[in-house]
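Subject: Structure handover

Hello,

Here is the structure for your files. My notes on it follow below.

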Amino acid sequence: IEVTFDVAANGILTVSAVDTSTGKAENITITHDKGRLSKEEIDRMVSEAEKFKSEDYAHRDRIQDKNGLEAYCFQMKSTMEDEKMKDKIAEDDKKTIFDKVTETLSWLD
């Protein structure tokens with residue numbers, strides 16, 4: 001008896017057996033359907049992804065804008081604390097900038 005095993009790229013196993021003395025041949029195909037998504041489930045997931053695509057982009061943009069504003073606030077705070085800027089900006093202006101930076105960072109949280 002000659003037995004051949006063939007595994008396809010999609011995980012389907014085909015087993016063939018041939019009795020060399022009689023020439024009789026049989027084969028069986030084994031699929032692994034358990035744990036796989038059906039065509040309908042895949043289509044539903046793709047549909048949902050398309051449905052929420054614009055919301056995902058809006059959320060991404062909102063996060064990028066928030067991160068940009070937060071980075072700008074920390075940059076302003078760092079600039080105001082820099083020794084080189086100490087004599088170039090009036091104390092009242094520094095206080096105003098620090099207050100606005102603190103207010104903005106609190107608002108972001």
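Which residue forms a salt bridge with Lys-39, and how far apart are the closest N and O atoms? The partner is Asp-43, and the closest N and O atoms are 3.5 Å apart. I come back to this pair below, after some notes on the model.

This is a predicted model, in which local features need pLDDT of at least 70 and side-chain atom pairs count only at pLDDT 80 or more, while totals for chains, interfaces and linings use all residues. Residues are numbered from 1 along each chain as its sequence is written, and side-chain values use heavy atoms, with hydrogens and water left out.

Confidence

The protein chain has a mean pLDDT of 88 (pLDDT being the predictor's confidence in each residue, from 0 to 100), and 97% of its residues reach 70 or more. Helices (H or I, at least four residues) and strands (E, at least two) are DSSP runs, numbered from the N terminus.

Three strands make an open sheet in the order 1-2-3, with antiparallel pairing; two strands pair if DSSP finds at least two bridges between them. Strand 1 and strand 3 are the edge strands, each pairing on one side only. On average, neighbouring strands are turned by 15 degrees against each other, direction ignored. The axes behind this angle are lines fitted to C-alpha atoms, for helices over the stretch in contact, and angles run from 0 to 180 degrees between N-to-C directions.

Six bridges connect strand 1 with strand 2 (residues 13–18). These strands form a hairpin with five residues between them, and Gly-11 in the turn has a positive phi of about 90 degrees. Six bridges also join strand 2 to strand 3 (residues 25–30). Here the hairpin has six residues between its strands, and Gly-23 in the turn has a positive phi of about 85 degrees.

Ser-16 in strand 2 is the bridge partner of Thr-4, and Ser-16 also stands opposite Asn-27 in strand 3. Val-18 stands opposite Ala-25 in strand 3.

Salt bridges

The structure holds six salt bridges, each defined as a side-chain nitrogen of Lys or Arg within 4 Å of a carboxyl oxygen of Asp or Glu. Three of them are described here.

Lys-39 and Asp-43 both lie in helix 1, four residues apart, about one turn of the helix. Lys-39 is exposed at 59% relative accessible area, and Asp-43 is partly exposed at 40%. Buried means under 20% relative accessible area, exposed over 50%, and partly exposed in between (1.4 Å probe, protein chains only).

Asp-99 pairs with Lys-95, with the closest N and O atoms 2.9 Å apart. These two are about one helical turn apart because they are four residues apart in helix 3 (residues 91–108). Lys-95 is exposed at 51%, whereas Asp-99 is partly exposed at 40%.

Asp-61 forms a salt bridge with Arg-60, at 3.3 Å between the closest N and O atoms. Asp-61 has a relative accessible area of 33% and Arg-60 one of 40%.

Surface patch

Leu-37, Ile-42, Met-45 and Val-46 form a nonpolar patch on the surface, with about 350 Å² of accessible area together. Patches are made of residues with over 30% relative accessible area and no salt bridge; like charges are joined within 9 Å and nonpolar side chains (Val, Leu, Ile, Met, Phe, Trp, Tyr) within 5 Å. Areas come from the Shrake-Rupley method with a 1.4 Å probe; for residues, only the protein chains shown count as cover. Val-46 lies in helix 1 (residues 39–51) and is partly exposed at 47% relative accessibility.

Regards
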